[in-house]
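Thanks for coming, everyone. I'll walk you through one chain this morning. Have a look at the screen first.

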Amino acid sequence: MGLLEQIDRSRLPEHIAIIMDGNGRWAKEKGKMRFFGHQSGVTSVRDVVEGVVEAGVKYLTLYTFSTENWNRPKLEVSALMELLVTTINKETKTLMENDVRLNAIGDLKQLPARGYKKLQEAIEKTSGNKASTVTLALSYSSRWEIVEAARKLAAQAAKGEIRPEDINEGVFASQLATAGIPDPELMIRTSGEYRISNYLLWQLAYAELYFTPKLWPDFRREDLFEAIIDFQKRERRFGLTSEQI
Ligand code: IPE
Ligand code: IPE
Ligand code: MG
């Protein structure tokens with residue numbers, strides 16, 4: 001039986017978040033420039049997006065570029081921004097063919113104008129697609145997002161639109177960039193690093209974490225299926241005892 005068939009469709013994670021890490025090391029292992037790794041990582045993105053649709057997972061969020069990544073060498077940053085544009089140009093077709101809606105979270109105004117425009121066009125073009133929603137976390141960090149949410153609520157309170165005592169978890173979550181998207185149930189990080197790197201700190205509160213030594217450019221849909229199968233073997237207790245579940 002193939003991996004896809006081993007997935008229990010009645011217990012799918014509704015939302016999977018991925019930290020796509022290890023592109024630079026992958027390239028270095030091959031004696032190539034780091035950028036070659038980023039370029040090759042696009043193949044993994046395409047394959048995983050198709051895998052998500054095949055498995056029936058409704059939401060996929062991909063950590064594409066963090067706030068902290070702006071501090072990388074200028075040449076790498078500009079190459080990554082260029083790759084964003086070429087990838088959107090090439091892959092919008094793949095999104096349409098697979099009925100995938102594109103979304104983005106992060107401080108998008110920091111993106112170069114051309115990248116921002118291409119991104120908005122692709123989001124618009126795919127906005128009616130229904131099979132899955134793929135969110136790119138771009139110029140994103142969780143602390144940035146949480147501070148933004150706090151700022152918006154403070155502004156509303158200052159104007160008398162909301163009372164501080166009315167702020168609860170639901171109200172707070174509604175001000176996050178991910179408003180309307182269910183929390184990820186499974187978070188995958190590639191490249192053998194065991195950390196969160198400022199990713200979806202609020203939303204991952206009860207996510208199952210899955211780490212694989214595979215470097216991102218080697219990751220394919222079968223690896224995603226393996227992670228889902230592993231997820232389905234776990235008991236999610238949400239603070240309760242085993243007996244209560
Ligand atoms: C992840 O790969 C992609 C981005 C952060 C843009 P890295 O570029 O972090 O690759 P490593 O971790 O240095 O190998
Ligand atoms: C996290 O990877 C960000 C992305 C994958 C886009 P990093 O490579 O930037 O994270 P650290 O520096 O290893 O924590
Ligand atoms: Mg890295």
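Before any helix pair, one definition. When I give an angle between two helices, each axis is a line fitted to C-alpha atoms over the stretch in contact, and the angle runs from 0 to 180 degrees between N-to-C directions. Also keep in mind that this is a predicted model.

Now use that definition. Take α3 and helix α4, residues 74-97. They pack at an angle of about 25 degrees, and their axes lie 11 Å apart. Angles under 35 degrees count as roughly parallel. So α3 is roughly parallel to α4. The crossing of α3 past α4 is right-handed. Which residues make the contact? From α3 we have R34, F35, H38, Q39, V42, R46, V49 and E50. From α4 come E76, A79, L80, L83, T87, E91, T94 and L95. Sorted by class, the contact of α3 with α4 has 7 nonpolar, 4 polar and 5 charged residues.

Let me step back to the whole chain. How many helices and strands does the chain have? The secondary structure comes to 8 helices and 6 strands. Reading from the N terminus, the elements go α-β-α-α-β-α-β-α-β-α-α-β-β-α. The C-alpha trace spans about 55 × 50 × 35 Å along its principal axes. What about the radius of gyration? For 245 residues, a compact globule would have a value near 18 Å. The chain has 19 Å, so the two agree.

Next, the sheet. It is open and formed by 6 strands, in the order β3-β4-β2-β1-β5-β6. The pairing is parallel. At the edges sit β3, 100-105, and β6, 208-211, and each of these pairs on one side only. On average, neighbouring strands are turned by 20 degrees against each other, direction ignored.

Zoom in on one pair. Strand β2, residues 59-66, and strand β4, residues 132-140, run parallel and are joined by 7 bridges. Find F65, and you will see L138 of β4 opposite.

What packs on this sheet? α3 does, touching β1 (15-19), β2, β3 and β4. The direction of α3 makes about 160 degrees with that of β2. α8 packs on the sheet too, touching β1, β5 (186-189) and β6. The direction of α8 makes about 135 degrees with that of β5.

α3 and α8 also meet each other. Helix α3 covers residues 34-55, and helix α8 covers residues 221-232. The two pack at an angle of about 45 degrees, with axes 8 Å apart. They are therefore oblique to each other. Here again, α3 makes a right-handed crossing, this time past α8. On the α3 side, the contact uses D47, V48, E50, G51, V52, E54 and A55. On the α8 side, look for R221, L224, F225 and I228. By class, that contact has 6 nonpolar, 1 polar and 4 charged residues.

One more helix pair. α4 and helix α5, residues 113-125, pack at an angle of about 10 degrees, with axes 9 Å apart. So α4 is roughly parallel to α5. E82, V85, I88, N89, T92 and M96 of α4 meet R114, G115, K118, L119, A122 and K125 of α5. The contact of α4 with α5 divides into 5 nonpolar, 3 polar and 4 charged residues.

That's my tour. Over to you.

Definitions and conventions: Residues are numbered from 1 along each chain as its sequence is written. Chains are lettered from A and ligands numbered from 1 in the order in which they are written. This is a predicted model: local features need pLDDT of at least 70, side-chain atom pairs count only at pLDDT 80 or more; totals for chains, interfaces and linings use all residues. Side-chain values use heavy atoms; hydrogens and water are left out. Helices (H or I, at least four residues) and strands (E, at least two) are DSSP runs, numbered from the N terminus. Angles under 35 degrees count as roughly parallel, over 145 as roughly antiparallel, 65 to 115 as roughly perpendicular and the rest as oblique. A crossing is left-handed if the near helix is turned anticlockwise from the far one by less than a right angle, and right-handed if clockwise. Contact means heavy atoms within 4.5 Å. Ala, Val, Leu, Ile, Met, Phe, Trp, Tyr, Cys and Pro count as nonpolar, Asp, Glu, Lys and Arg as charged, and the others, Gly among them, as polar. Two strands pair if DSSP finds at least two bridges between them. The radius of gyration is taken over C-alpha atoms; the globule rule is 2.2 Å times the number of residues to the power 0.38.
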